[in-house]
Amino acid sequence: MLKVDNVTKYYGDFLAVDHLSFEVKPGEIFGLLGINGAGKTTTFRMIMGLLDATEGNVTLDGKKIDYDVTDQIGFLTEERSLLTKLTVKEQCLYYGVLKGMKESEVIKRMDELLNEFGISEYREKKIKELSKGNQQKIQFITAILNEPKLLILDEPFSGLDPFNVELFKQKIIEMASKGSMIIFSSHRMEHVELFCKKLVILLKGKPVIEGYLQDIKEQYRKKNIFIKGDIQKEELEKIKGVVSVEEYGDALEVKIESNDMVSNVFDVVKKKKNITKFVVEEPSLNEIFVAKVGESFEN
């Protein structure tokens, strides 16, 4: 288990991370989120042992993370960290040997992953000759060559088309099913919702939202109703408990204060003819993120 226990980090007088705590168990995919400058990168660096915490502790299976442990960690950075003049094979050998793997192990694992991601033909190609999407595949492959116990993914879908996002998604889920602990960070909240059951959202180094995603959605009382049919936006706006009504394609999206207000809206809609859709949905993580981070800025 990865345990981040009451961790604080100062750079001089600047507080980058403020008493942050969370745990990631084997097989879990955990979301570490926040706007730019929220403290995510500093937290990643403390987890990998690249920075020492000012206060608190980070442990992996009860042990302080040092060079004896880092071979069990994989990290895909948001910025490309590839050596572009190397070939794909040379790049994989470089990273694999750094992680304590034998060259024969690296080659075997590399060939399996290149085949899995449909890029075996690029084995002897230089990194600089690849497209951005294929460079991202190589960066991901180098992060998982050593089948890490802990995998940190910072914006892993950058530069990928929907087909390759699905390939990455399946591999991440597969690794979690085999017991890897995965920390996932992205500005795309819909990607976070694909994977993460637990998460923390940072603002100025301090958690503003934390816990299980389902609990977070239930605690955020505002709900959305999607309605399609012969009803006017103005009629819905007059209903008690309706916060706003927006056109959403050929439907209307009605935001209400809480689940208790659904019946108020339904009582009006059921009197109308040709209603083909009335669906109550939970708020998206993106909606919660914007609302909560906005509230914290205002306070």
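Hi everyone, let's start at the beginning of helix α5, where a side-chain oxygen of Asp161 comes to within 3.2 Å of the backbone nitrogen of Phe163. Please keep in mind that this is a predicted model.

The helix itself runs over residues 162-177, which makes 16 residues. From first C-alpha to last, α5 reaches 22 Å, close to the 22 Å expected at 1.5 Å a residue.

Now, which residues of α5 are buried? They are Asn164, Val165, Phe168, Lys169, Lys171, Ile172, Met175 and Ala176. These residues sit on the same side of α5, because they cover an arc of only 170° around the axis. Turn to the other side and you will find Pro162, Phe163 and Ser177 exposed.

The structure holds 16 salt bridges. One of them joins Lys198 to Glu28, with the closest N and O atoms 3.4 Å apart. This pair links distant parts of the chain: Lys198 is in strand β9 (residues 198-203), while Glu28 is in the loop between β2 (14-24) and β3, 170 residues apart. Both Lys198 and Glu28 are buried.

Next, look at Lys149 and Asp61, whose side chains meet in a salt bridge at 2.9 Å, N to O. Lys149 is in the loop between α4 and β7 and Asp61 in the loop between β4 (55-60) and β5 (63-64), so this pair ties together parts that are 88 residues apart in sequence. Here Lys149 is partly exposed, with a relative accessible area of 32%, and Asp61 is partly exposed too, at 40%.

Finally, a lysine without a partner. Lys223, in strand β11 (residues 223-228), is buried yet has no salt bridge. How far away is the nearest side chain of opposite charge? That side chain is Glu282, and it is 4.8 Å from Lys223; a salt bridge needs the nitrogen within 4 Å of a carboxyl oxygen. Beyond its close sequence neighbours, Lys223 is in contact with residues including Lys217, Val254, Ile256, Asn259 and Pro283.

Thanks, everyone!

Technical notes. Residues numbered from 1 in each chain as written. Predicted model: local features only at pLDDT ≥ 70, side-chain atom pairs only at ≥ 80, totals over all residues. Heavy atoms only, no water. Helix = DSSP H or I, 4+ residues; strand = E, 2+ residues; numbered from the N terminus. Expected span 1.5 Å × (residues − 1). Buried < 20%, exposed > 50% of the residue type's maximum accessible area, 1.4 Å probe, protein only. Arc of directions from axis to C-beta. Polar contact = N/O pair within 3.5 Å; in protein donor to acceptor, adjacent residues only side chain to side chain. Lys, Arg positive; Asp, Glu negative; His and termini not counted. Contact = heavy atoms within 4.5 Å. Lists of a residue's contacts leave out its neighbours within four places in sequence.
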